[in-house]
Amino acid sequence: QVQLQESGPGLVKPSQTLSLTCTVSGGSITTNYYYCNWIRQPPGKGLEWMGAITYSGSTYYSPSLKSRTSISRDTSKNQFTLQLSSVTPEDTAVYYCVTFRQNVLDAWGQGTLVTVSS
């Protein structure tokens, strides 16, 4: 059974870069057709897909966040990382890492609240 765990600071100052890591256990991020995603949910709002990195290392980003988002991975640690630059209070949200295998939901992290505030 695949399990995901997000980690990173819970408080980030405006204009700084938010960085979160998702550690995957019980499965490999390089398994064929495995897709590692970041999704967020601002308080009182719906889910927003931010981007993904595939089993082969290709990346895809939401057009609305592409200029500020970078997703990378460390295959030796079975982790993938989100970086969101130039954050504002509007980036305050619960951030989730979510994985899919062949377009089927595989696992969903518990989520981590990141607050952007000075």
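1. The cut-offs are under 20% relative accessible area for buried, over 50% for exposed, and partly exposed in between, using a 1.4 Å probe and protein chains only. N78 sits in the loop between strand 7 (69–74) and strand 8. Strands here are DSSP runs (E, at least two residues), numbered from the N terminus; helices would be H or I runs of at least four.

2. Before going on, a word on what you are looking at. This is a predicted model, where local features need pLDDT of at least 70 and side-chain atom pairs count only at pLDDT 80 or more, while totals for chains, interfaces and linings use all residues. Numbering runs from 1 along each chain as its sequence is written, and side-chain values use heavy atoms, with hydrogens and water left out.

3. Back to N78, and what does its side chain reach? At 2.5 Å, it reaches the backbone oxygen of G27. Setting aside residues up to four places away in sequence, N78 touches C22, T23, V24, G27, S28 and I29. Contact here means heavy atoms within 4.5 Å.

4. Strand 1 (residues 3–7) runs antiparallel to strand 3 (residues 18–25), with five bridges between them; two strands are said to pair if DSSP finds at least two bridges between them. Q5 faces T23 of strand 3 across this pairing. Strand 3 also pairs with strand 8 (residues 79–84), again antiparallel, over six bridges. There, L18 stands opposite L84 of strand 8.

5. Which strands does strand 9 (residues 93–101) pair with? With strand 4 (residues 34–41) the pairing is antiparallel over eight bridges, and W38 has C97 of strand 9 as its bridge partner. With strand 11 (residues 112–116) the pairing is antiparallel over three bridges, and V94 is opposite L113. The hairpin of strand 9 and strand 10 has two residues between the strands, and in it Q102 takes a positive phi near 50°. As background for reading these strands, side chains in a regular strand alternate between the two faces of the sheet.

6. C36 is worth a click. This residue belongs to strand 4 and is buried because its relative accessible area is 1%. Beyond neighbours within four places in sequence, C36 is in contact with I29, G51, A52, I53, F80, V98 and T99.

7. T54 is in strand 5 (residues 48–54). Is T54 buried or exposed? Buried, because its relative accessibility is 6%. The T54 side chain makes a polar contact with the side chain of S56 at 3.0 Å. By that I mean a pair of N or O atoms within 3.5 Å; within protein, one must be able to donate a hydrogen and the other to accept it, and residues adjacent in sequence count only if both atoms are side-chain atoms.

8. The charged residues deserve a look. A search of the whole structure turns up three salt bridges, each needing a side-chain nitrogen of Lys or Arg within 4 Å of a carboxyl oxygen of Asp or Glu. R40 and E48 form one of them (2.7 Å, N to O). R40 is buried because its relative accessibility is 6%, whereas E48 is partly exposed because its value is 23%. D91 and R40 form another (2.8 Å, N to O). That pair links distant parts of the chain, with D91 in the loop between strand 8 and strand 9 and R40 in strand 4, 51 residues apart.

9. D91 is buried because its relative accessibility is 1%. D91 also meets R68 in a salt bridge (2.9 Å, N to O). Through shared partners, salt bridges join R40, E48, R68 and D91 into one network.

10. Finally, the surface. L47, L105 and W108 make a nonpolar patch of about 300 Å². Patch members have over 30% relative accessible area and no salt bridge; like charges are joined within 9 Å, and nonpolar side chains (Val, Leu, Ile, Met, Phe, Trp, Tyr) within 5 Å. Accessible areas come from the Shrake-Rupley method with a 1.4 Å probe, and for residues only the protein chains shown count as cover. L105 lies in strand 10 (residues 104–108) and is partly exposed because its relative accessibility is 47%.
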